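The sequence and the structure are shown first.

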Amino acid sequence: MGGLVTLCMGMNRHETYGMLGLLSPAIHWLADEFYNSMEHYGQKVWLDCGMAESYYVDNTRELYHILTGIGYEQGKDLLYLAEPEAVHTERYFAQRFRMLLLWMFGKRAESKTAVILGSGQAALNGYTTVINTIVIYENGVMYSDMKGNYRCDPPGIFNVEPDGEIRAIKPGKAVITYENGDLTATKEMVAVNALSKDVLLHILVEVPLDTPKEEPI
């Protein structure tokens, strides 16, 4: 609960804590009353999670929007990273902690590259696809751009929001292009009719022949 405790300490003792490192915070444990009472206290906030952390992704994206709604600005006093393929373990916390320290205390670095990650499909109906555009600084710090500039070629196939939410307008294929100053990144996308929130798993269990019949499987 370290990320959650950090958020509570920062909001309740803002005169003491000027920088908050929220690594994969379990924000679903807090009630709406807490979030409705939050204010912008001039702190510097690092917020992250791993893209393989299930509902943590949706929850941290929601917290990002809460923070920007009360005045925090991406790149100035707020940075968010959904780390590709990362899960909820100390191994991944450790490598993001280095980025956190560099962003909070290091010298200002210039952005070097960008890449668009995520599913190659988006639907007219059902589940909404979210692409994750990662910008990488020269010092290795990464962040997910939640204020991206996107265009679709050919136009009219997809609608892409600045935070990466993408919805198909009509069936077809298109190339999504991200632009940030001199940085560009592209991703080919296919528009389909519908995407489900559910995943169907086929599980095959091999039981040794000498397994006792009363043994639970």
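## Parallel sheet and its crossover

The model is a predicted one, in which local features need pLDDT of at least 70 and side-chain atom pairs count only at pLDDT 80 or more, while totals for chains, interfaces and linings use all residues. Residues are numbered from 1 along each chain as its sequence is written, and side-chain values use heavy atoms, with hydrogens and water left out. Helices (H or I, at least four residues) and strands (E, at least two) are DSSP runs, numbered from the N terminus.

Strand E2 (residues 44–50) runs parallel to E3, and 6 bridges join the two; strands are taken to pair if DSSP finds at least two bridges between them. Leu 47 has Tyr 80 of E3 opposite. Between E2 and E3 the chain passes through helix H3 (residues 55–69), forming a right-handed β-α-β crossover. Right-handed means that, with the strands pointing away from the viewer, the path from the first strand over the helix to the second runs clockwise.

An open sheet of 3 strands has the order E1-E2-E3, with parallel pairing. E1 and E3 are the edge strands, each pairing on one side only. From one strand to the next the twist averages 10 degrees. Helix H4 (residues 90–105) packs on this sheet and touches E1, E2 and E3, and its direction makes about 160 degrees with that of E2. Such angles run from 0 to 180 degrees between N-to-C directions, with axes being lines fitted to C-alpha atoms, for helices over the stretch in contact.

In strand E3 (residues 78–83), 6 of the 6 residues are buried, so the strand is largely enclosed by the rest of the structure. Buried means under 20% relative accessible area, exposed over 50%, and partly exposed in between (1.4 Å probe, protein chains only). Leu 78, Tyr 80 and Ala 82 point one way from E3, whereas Leu 79, Leu 81 and Glu 83 point the other way, and all are buried.

Helix H1 (residues 2–12) has Gly 3, Leu 4, Leu 7, Gly 10 and Met 11 as its buried residues. Seen down the axis of H1, these fall within an arc of 130 degrees, so they line one face of the helix; the arc is that of the directions from the helix axis to the C-beta atoms. The buried residues of H1 pack against strand E1 (19–23), helix H2 (32–37) and H3, where contact means heavy atoms within 4.5 Å.

## Strand E7 and its partners

Strand E7 (residues 132–137) is largely enclosed by the rest of the structure, because 5 of its 6 residues are buried. Strand E4 (residues 111–117) runs antiparallel to E7 and is joined to it by 6 bridges. Leu 117 has Asn 132 in E7 as its bridge partner.

E7 also pairs with strand E8 (residues 142–144) in the antiparallel sense, over 3 bridges. Ser 144 in E8 is the bridge partner of Ile 134. The hairpin of E7 and E8 has 4 residues between the strands, and Gly 140 takes a positive phi near 95 degrees there.

## Loop residue Asp 163

The loop between strand E10 (158–160) and strand E11 (165–168) contains Asp 163. Asp 163 is buried, with a relative accessible area of 10%. Apart from neighbours within four places in sequence, Asp 163 is in contact with Arg 61, His 65, Val 130, Ile 131 and Met 146.

## Mixed sheet and an aromatic pair

A further open sheet consists of 4 strands in the order E5-E13-E12-E9, and its pairing is mixed. Its edge strands are strand E5 (121–126) and strand E9 (149–153), each of which pairs on one side only. The twist from one strand to the next averages 35 degrees. Strand E12 (residues 172–180) pairs with strand E13 (residues 183–195) in the antiparallel sense over 9 bridges, and Val 175 stands opposite Glu 188 in E13.

A search of the whole structure finds 6 aromatic pairs. The rings of Tyr 150 and Tyr 178 have centres 5.6 Å apart and planes at 50 degrees, so this pair is tilted. Rings of Phe, Tyr and Trp (its six-membered ring) pair if their centres lie within 6.5 Å; planes under 30 degrees apart count as stacked, over 60 as edge-to-face and the rest as tilted. The pair links distant parts of the chain, with Tyr 150 in strand E9 and Tyr 178 in strand E12, 28 residues apart. Tyr 150 and Tyr 178 are both buried.
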